[in-house]
Structures are given as C-alpha cells and as structure tokens.
Amino acid sequence: MIKRIVAIAAVAVLAAGFAGLAHADTFKLDGDPKPAWIYFNVKNDGGWTQAIDEARQRMEAELGIEIPFVEKVPEIASEIKPAAERYIRRGHNIIIGSAFGYSDAFKELSERYPEVAFLNPAGTTNGPNLQSFYGRTYESQYLCGMVAGALTKSNKIGFVAANPFGLVNWTVNAYLLGARQLNPDVTLTVVFTGAWNDPVKERASAQALVEQGIDVIGQHVDTPTPQVVAQEQGIFGTGHHRDMREFAPQATACSSVWVWDRYLTPTFKKIAAGQWEPNPWGDFISIGDGGTDIACCGDMVPQDVADKVMAEREALVNGKHVFQGPIYDQAGTVRVAEGEVPSDGDLWGMDYLIQGVTGSLN
Amino acid sequence: MASLNILSARRLTLEVRQRVNPIYRLAIILGAASVGLGICVGILLDAGVNLASIYEEFIVFTFFNAAGISTVIVESTPLVLAGLSAALAFRVNFWNIGIEGQVLMGVIGATLIAIFDIGPQSIRIVLMLIFAVGFGALWALPPALLKVRLNVNEVISTLLLNYIAFYFVMNQVYGPWKDPRDKFPHSEKYETFERLPEIGWEQVHYGILVAAVAVVLVWWLIERSRFGIRSRFVGANPRMALAIGLPVSLITASSALFSGGMAGTAGFVIASATEFRLTPAMAAGYGFSGIVIAFLAGNRPIATLVVAFLMGGLYVAGASMKVFYSLPDALVGLIQAIIVLSVTASEFFIRYRLRLARYERS
C-alpha cells in the first residue's frame, strides 16, 4: 500500500512538473479562432470519420463559424504535413486531426508552428500547443454490454473487434463486465479481424459467431457490418462510433457514440480565451465530458433494463470505475486487485482479456 | 448521284505507323493531356470550383512557388524509385505487381537495423539502406525463381506476396516491434542518426540524392551497359535471345532482383526521411503508382524521372483541391484517373494512324 502511495506521489510530482513547464508559456491564439479539420478517411464512412464530420457540423452551428475539412488524407507524414500547411498558410490557426497515425506529423507541425493550436483525437503526442485526446470508450461499451447481457437468451454474446491492443482490448473486457451486471452467467466470444475497416472479414467473423450460438453481437470496428449481419440473422447487436439504428434498425439495441463536440466546443472557447493548457499526458475524456456516450435504447430493450443502464451511466459520470478490482485475466491471474482501479497507463497498456472471454489476442 | 454513294463508301481504317516523329509523338501526348485536362476542368466547374482559381491554385501553387514545388519534390522522390523499380522489371517482361510489398519489406529491413541498433552510429543510415535494398530484393527472389525455373506466372506470385508483406508488417507492429514506450502499434521512433537529414531548403530531404543516384545507375545499367543491351533483347524476343545463347533466365531473374532492390530503396526513403518508423499505414499505393509511371515513361529511366515528377505534381494538386474546396476524395481520384488515362490512351494514336478510307464496291 505504501509503495503505491509513493508511486502516486511520484507521478503527481512529475505531472506537476510538466504542467509547470506548460504554464511557462500559456498558448495564445493570434487573432480569431479559424479552425480546419483533416480527416484520414472519407467523411461518409459510416463510422469513425462520419462521427467526426457530424461533430464538425454541430460545432459550426453552435459556434457560428465555418470549419472547412479535407477528407481521406492517409496516415503518412508526407501527406498530412502539406495538407495542414495549406490551411495554415491561409490563416487557419486551429488544426484538428482524426487519427492515431497523425501523431508524429502533428508533433512536428506543432513545433514548426508554435502559434497554431493542434488537436488530434486518438493521437499519442502532446505539447504546449498540441493536445491529443480520446474517449473512455470502455464506459459506453460497458453500458451497451449491460443491454447485451439483458437481451441474450443463450447467455452467449459475441464481439467483432479490430486490432488487439489496449484501447480495443478494454472495450471487449468492459462489454463483458457490463453484460455480467445484468446476467452473471453470460460469456463472450471475441474475434479480432486485424483491420479497422474490412467489411468482408467483419461479415465472416460475425457469421461465424452466430453459428457458435451467440445471440447478441457487439463491435469495435469502423463499419456497421456486424449490426447488419445481426439484423439479417434476426439477432440483436450493439454499435460503436455512431447510432447504428441507421443501418440496422431492428437489430440495434444500443450504440456507443462519439460526441466530440461536447469536448471540443469548450476547448475552442478556452483556446480563444487564452486559457488553454494542453494536458501533457493527453486528455482522456470520461462519459460526462464528451468522448463517447450511448444512444440507448432500441425498442426491443425493456424499460426496466433501460432504466438500469441510465442509472449506471449516472454512476459512471459520478466517478464509478468500470474496471473496479478484482479483475482476473483468462488464465485466472489477478490483474486489478480487490479494492483498486487501474491507472490510465494500465488501461492504455491493457494486454489481456478477462476471465469469461473466449478468444485470443494473438 | 445516288448510285455513286452506293458504289463508293467510306470507312475508318487503322494503319500501323512505320516511323514516329518524336515531335509528332510529343504533340499527340500533349494533345491527349489537354483533352483530359479539359474534361477535368468541366468536372471541377460543375463541382463549384471557380475557373480563375483553377490556374492560380493548382498550377501556380503546385509548380511555381517554393512551398508547392518542394512538396512535389518530396512527394515524387519515392515515386521515382518505385517507377524505376517497375521499369527494371517490365523491360524483360517480368510483370512485377509486387512493388508495394517490396517497398514494405524495404521498410522492414531499415527498421530492423534501426530498432536493434546494429552497427556503429556513423554508418547506421548506410546499413539501413543496404538492408532495405536486400529485403526488397529478397521479396522479389521467390517469384523470380518460380518464373525462370517452373514458369510460374509472376503476376500472381508477386501480387500475393504484397499481402504477405502487409500482414507481416501488421504482425510486427502489433507484436514484437510494438513501440515499448507508448504500447501503440508502430515501431519505436528512429534516432536522429537513423534519419535522412533535410537539405536545408523547405522540407526537401536527402532522399532526393538517393533518387538521383538511382536514376543515374539505372540509366547506365539500361542504356549503356552490356546487361542493358542483353535485357533489351530478352524483352523484345525471349525465344530468339535464348536461341542465340543469351542467359535469358539469369537476365530475367536479376532484373527482377534489381527491381525488388529498387522498391526496397523507396521503402528506405519513405521510412528514414518522412515517417521515421514502421507504421501500419506505410506503402499506401506507391507500388501501383510506380507501375503507371514506368508504363507512361516507356520503361526509360530519364523519362521515369520526368513522369514521376509530373505524377507527384498531379497528386499534390489533387491534395490542394481537397483542402481548398473540401472536394470528395472520389472526385479528386476521378480527375487524376482521367488525366492519366488520357495520356495512356494517346499511345494508341502514336502507334496507329486512323484514316477515313474510300473504297469502291465492285
């Protein structure tokens, strides 16, 4: 216990030190905010990028400014940098990205253009004028998992996931933890497709899961394919990125949806007011502050279940942690001890699946 | 008189041109390019782009301004190398569709040296280049051997090796080469001495020197060396080449290896001059662009340089279009395809003469 307190103290001191550095020159915007957005995929991809584009439109309406965008700028530095520089040369002073693969290029740009503010969802780099941010997606996926747990008759739920690393693994694990809240006997089978956007593999994976007897399907990929398969097969599903009722109205029971504008609108205001201090560790946004929320629930979800889900959402907003220990991995090893919660670093590095998940990270 | 019209009719005939005047050839290419450009201007006007700004923003901004031209140079450097790679193989009718995969293997080779800190720092970058060339060539070796020994179609074998290379990259970034610092799916970043420096003008880097040396080497190999003459013979008529005792298999296989090595060099430049690490989004179509470039350049090294530069300009202009008008990516792709197709199709009018011939009916 003492060791842990010492560690927390050390981290706090370190963080304070970094914050102090950031304080040294608070970011000042030159002129009125003039944002521009760079998308890594087409604006109507049905998932991640479309959620960003919808946030952009809501922000245009709310802030009364125009936010131009450029779509499908691949995650290569030699493509990202010229795109950003074209906007900067035209007087844009807030450049927003859209991908993890933009992290390095944005870091370089932020150093080259210290008078411009850079914001990058899913990025990993930060600086005095660069903020990466991501949502605590395990919270919204946990709530959708609750719906899945309530709806399953076979006590078997499935999950189609993209690539096996921290921020995907935590959604798989949280989904099962949520399902267990309303159904202690439920088990989960996960398939990793190895790609963010591969509808063919997603379809094959979802169908294979259905053949194994699952009757609710969750997902963390960039397309609505798993929900479409769920609707074809007459089972239920929960979506991610956007409200998947658009694609599978009969099957979609709940969706974990991005609400970037809830985070970015206040951030823009802070930048304009000269009060913006980027978090040197990146902003990790909880369900109450933007990031992801849920679109719940579909007509098939009983009212008492919906009430329980919304009550649990309230608990998360008020500080409840999804990964409250004890958490055991597939081999039965304790990963989060009784009475503890994982640090954000532990979450990003989550390289295990919890007990009750069938499937492998390799 | 009416009877005359029945007796004599006109029809279009195709004639093979015996000799093509170079000026005539150039005129046809330019004519075809202007037809393509004309169609594109029509499309752009329809999309709401202002006619006056087309010239200003796409021609002047791309080619006649330091920021624009330097972006084109950076964009075309790997394209030159990919084009040379295609030209080397296509000259001997080895249809190397696997340049994309060989580029990726080049990146793997360079990254291997970088992350395991092999060799002293002073020559690290040279070692990375050598390994990139070696890995690229290695990836072309199986298709080359299969072709000359077992007559296996190289279109299929090289194409399929692209996927294997891609999944190998994915395996490395999600597995053993995952960045130990942030646990995200990319390799750790190259050190300063593992990067190609910038030459000090805009953001142009020493990859330009690598490309220049490659052009000279390939020019010598193709146009001046004994190997070049022999390979031209093999390309023109392999049976005859075999009949007069040329080592056809050896020439074909070594051309394939040169091609792979050149693709590996492109990978080295992308990795060490712009990306500084192995990422899952690497190659991104360079290989396929290389095929088009070599075709348009008639597999000649100097022409490859010119075509690659123009192609780079086309990509950069397309990227500006997306930024300035938020045009859909598909529209920009369509415009680029129309221009490339028009120029490609002009080959037909260079080879053949269309004539309205009159003939008498008997």
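**View 1. Gly239(A) has Ser255(A) as its bridge partner in strand E10 of chain A.** The model is a predicted one, in which local features need pLDDT of at least 70 and side-chain atom pairs count only at pLDDT 80 or more, while totals for chains, interfaces and linings use all residues. Residues are numbered from 1 along each chain as its sequence is written, and chains are lettered from A and ligands numbered from 1 in the order in which they are written. Strand E9 (residues 236–241) and strand E10 (residues 252–258) of chain A pair in the parallel sense over five bridges; two strands are said to pair if DSSP finds at least two bridges between them. Both belong to an open sheet of seven strands with mixed pairing, whose order in chain A is E12-E10-E9-E8-E6-E7-E15. At the edges of this sheet stand strand E12 (292–296) and strand E15 (357–358) of chain A, each with a single partner strand, so one side of each is left without a neighbour in the sheet. Strands (E, at least two residues) and helices (H or I, at least four residues) are DSSP runs, numbered from the N terminus.

**View 2. A sheet of six strands in chain A is open, and its pairing is parallel.** The strand order is E2-E1-E3-E4-E5-E11 in chain A, with strand E2 (69–70) and strand E11 (283–285) of chain A as the edge strands, each pairing on one side only. E5(A) and E11(A) run parallel and are joined by three bridges, and Tyr134(A) has Phe284(A) as its bridge partner in E11(A). Helix H3 (residues 77–89) of chain A packs on the sheet, where it touches strand E1 (35–38), E2 and strand E3 (94–96) of chain A, and its direction makes about 160 degrees with that of E1(A). For such angles, axes are lines fitted to C-alpha atoms, for helices over the stretch in contact, and the values run from 0 to 180 degrees between N-to-C directions.

View 3. Domain 1 covers 21–135 and domain 2 covers 137–258 + 292–358 of chain A, with bounds that come from an automatic or database domain assignment. The C-alpha centres of these two domains of chain A lie 29 Å apart. Contact here means that the C-beta atoms of two residues, placed from the backbone, lie within 7 Å.

**View 4. Chain B and chain A meet in a contact that takes 24 residues from chain B and 28 residues from chain A.** Helix H4 (66–90), helix H7 (154–174), helix H11 (248–275) and helix H13 (301–325) of chain B are the elements that give two or more residues to the side of chain B that touches chain A. The largest share of that side, five residues, comes from H13(B). By class, the side of chain B that touches chain A has 13 nonpolar, five polar and six charged residues, where Ala, Val, Leu, Ile, Met, Phe, Trp, Tyr, Cys and Pro count as nonpolar, Asp, Glu, Lys and Arg as charged, and the others, Gly among them, as polar.
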